[in-house]
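Please find below a note on the model under review.

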Amino acid sequence: MRSADGAAPPPAPTFLTVYEAGMAALPVVGESVDVPTTFGTVRAYRFGCTAVAGVPAERPVVLLPGRNASTPMWAPNLPGLLARRTVYCVDLLGEPGLSLQELPLTGAADQAWWMGELLTGLGLDSVHLMGVSFGGWSAVNYALHHPARVASLALLDPVMTFAPIPIRTMVAFIPMGLPHTPQWLRRRVLRWITGGAAVSDGSPVAALIDAGTADFELHQPAPTLFTDAQLRALDMPVLTLIAGRSVIHEGQRAADTARAVLRHGQVELWASASHAISGEFPDEIAARAHRFWDGVDG
């Protein structure tokens with residue numbers, strides 16, 4: 001596709017270039033760790049809490065990114081979260097990032113297994129998990145398999161958790177997974193999914209996902225929708241923020257289901273938010289999350 005003056009668009013930057021630029025924009029990394037697991041080596045970063053010296057450390061938070069994203073997507077959120085908590089960011093195994101998958105992931109149990117090995121490798125016995133989109137699904141999946149290590153869940157518009165993906169969205173996803181999809185089409189779909197954020201607008205998160213989609217081939221099964229029985233089995237507090245303008249589910253339906261099935265749920269429908277909720281409302285999410293975590297830790 002050419003611009004109005006007939007010039008071809010500039011070539012897209014490689015994923016590693018975008019990733020490194022995104023990491024440079026984050027707060028100072030306290031520690032970078034590559035944790036060996038059964039299915040490959042997982043890259044995680046620790047960001048130290050900026051609270052006043054001498055104040056006891058709060059229970060840490062582990063952030064799980066969305067599909068085709070990775071640690072740099074949390075740039076808008078880290079400053080607010082680090083005001084009170086130590087935060088660990090994870091590049092999900094099988095997704096774009098610096099984690100290195102070595103064996104195939106065959107289902108939900110495998111997804112939970114490597115995450116448990118990661119937390120063990122990081123020396124974390126009890127954490128607050130926060131995930132956006134596929135990261136939200138991953139957080140719930142881990143909590144179902146290993147509930148004793150999860151103090152709480154904070155879910156930001158989680159995919160395939162409280163409602164299915166609409167048919168029109170599934171159709172839109174098809175070009176994103178095909179090789180040689182034109183850059184203009186991939187970015188058009190991305191703009192729709194993220195509520196208007198575009199690579200050309202300078203959105204770092206959109207640029208990260210765009211580069212990951214272009215340069216990385218996913219090697220893991222698609223997430224399956226949790227059953228009501230599974231969601232009722234969650235025995236830890238769950239904060240769920242559903243985006244009213246999300247295209248990955250019908251927001252009101254997802255919120256109604258979450259309220260009906262969660263035993264210890266706090267469910268909010270943020271009407272003006274899109275699926276890019278984490279980047280649209282970072283300060284509001286941080287404030288809401290801190291109130292939630294404070295209540296859980298008592």
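The points that follow concern helices, loop residues, a helix residue and salt bridges.

1. Basis of the note. The model is predicted, and local features need pLDDT of at least 70, side-chain atom pairs count only at pLDDT 80 or more, while totals for chains, interfaces and linings use all residues. Residues are numbered from 1 along each chain as its sequence is written, and side-chain values use heavy atoms, with hydrogens and water left out.

2. Helix H1. Helices (H or I, at least four residues) and strands (E, at least two) are DSSP runs, numbered from the N terminus. Buried means under 20% relative accessible area, exposed means over 50%, and partly exposed lies in between (1.4 Å probe, protein chains only). In H1, residues 15-24, the buried positions are Phe15, Val18, Tyr19, Gly22 and Met23. They lie on the same side of H1 because they cover an arc of only 135 degrees around the axis; the arc is that of the directions from the helix axis to the C-beta atoms. Ala21 and Ala24, on the other side of H1, are exposed. An α-helix has 3.6 residues a turn, so residues three or four places apart point the same way.

3. Helix H11. This helix, residues 282-297, has 16 residues and spans 22 Å from its first C-alpha to its last, close to the expected 22 Å; the expected span is 1.5 Å times one less than the number of residues. Its buried residues are Pro282, Ile285, Ala286, Arg288, Ala289, His290, Phe292 and Trp293. Gly298 follows H11 and has a positive phi, near 70 degrees.

4. Most residues other than glycine have a negative phi. Asn68, in the loop between strand S3 (61-64) and helix H2 (78-81), has phi near 60 degrees, and is buried at a relative accessible area of 10%. Met160, in the loop between strand S7 (150-156) and helix H5 (167-173), has a positive phi of about 50 degrees and is buried at 14%.

5. Asp157. Which side chain of opposite charge is nearest to this buried residue? It is Arg245, 10 Å away, and Asp157 has no salt bridge; here Lys and Arg count as positive and Asp and Glu as negative, with His and the chain ends not counted. The side chain of Asp157, in the loop between S7 and H5, reaches the backbone nitrogen of Ala243 at 3.0 Å. Leaving aside neighbours within four places in sequence, its contacts (heavy atoms within 4.5 Å) include Ser133, Ser246, His249 and His275.

6. Leu119. This residue of helix H3 (108-121) is buried at 1% relative accessibility. Its C-alpha is 9.0 Å from that of Val35, 84 residues apart along the chain. Not counting residues up to four places away in sequence, Leu119 touches Val62, Leu124, Val127, Tyr142 and Arg149.

7. Salt bridges. The whole structure contains 12 salt bridges, each a side-chain nitrogen of Lys or Arg within 4 Å of a carboxyl oxygen of Asp or Glu. Arg43 and Asp34 meet at 2.5 Å, N to O; Arg43 is buried at 15%, whereas Asp34 is partly exposed at 42%. Asp294 and Arg84 meet at 2.7 Å, N to O. Asp294 lies in H11 and Arg84 in the loop between H2 and strand S4 (87-90), so this pair ties together parts 210 residues apart in sequence.

How values were computed. Polar contact = N/O pair within 3.5 Å; in protein donor to acceptor, adjacent residues only side chain to side chain.
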